[in-house]
Amino acid sequence: MTSSSSESSEIDESVIAELSRLRDSIDNIDAAVVHMLAERFKCTQQVGLLKARHQLPPADPAREARQIVRLRELAESAKLDPAFAEKLLNFIIAEVIRHHETIAKS
């Protein structure tokens, strides 16, 4: 089966258009993720200030464990790899704790 070059061009153009559409969606989602993380860190900064004022420890292992369980369940229901979701949350938690430690020292 052979195809003419005009058919190949049309296919290529449609693939390029679809790639562009999908990439635009990815870019929008990435922007939303960044804004959501910024909002999350604004809240955790307030938590850090409250903990520092009341001499509470920067980390709360029981809360963190509950959050991991909760996020893994959310990931499963969203068809996202729960292990990936847990790694992401652990990364975020580590950064939050680092911020809380910095606030507590100031």
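A pocket here is an open set of points on a 1 Å grid over the protein atoms alone, where a 1.4 Å probe fits, with protein on both sides within 12 Å along at least five of seven lines; lining residues have an atom within 4 Å of a point. Volumes are the space filled by probe spheres set on those points, which are joined across faces, edges and corners. The model is predicted, so local features need pLDDT of at least 70 and side-chain atom pairs count only at pLDDT 80 or more, while totals for chains, interfaces and linings use all residues. Numbering runs from 1 along each chain as its sequence is written, and side-chain values use heavy atoms, with hydrogens and water left out.

Of its 16 lining residues, Leu 37, Arg 40, Leu 71, Leu 88 and Ile 92 sit closest to the centre. Helix 1 (5–53), helix 2 (61–77) and helix 3 each give two or more residues to this lining; helices are DSSP runs (H or I, at least four residues), numbered from the N terminus.

The second largest pocket comes in at about 300 Å³. Its 15 lining residues include Arg 40, Thr 44, Arg 63, Val 96 and His 100, the closest to its centre. Helix 1 gives the most to this lining, with five residues.

As for helix 3 itself, its 24 residues (82–105) should span 34 Å at 1.5 Å a residue, and the end C-alpha atoms are 34 Å apart, which agrees; the expected span is 1.5 Å times one less than the number of residues.
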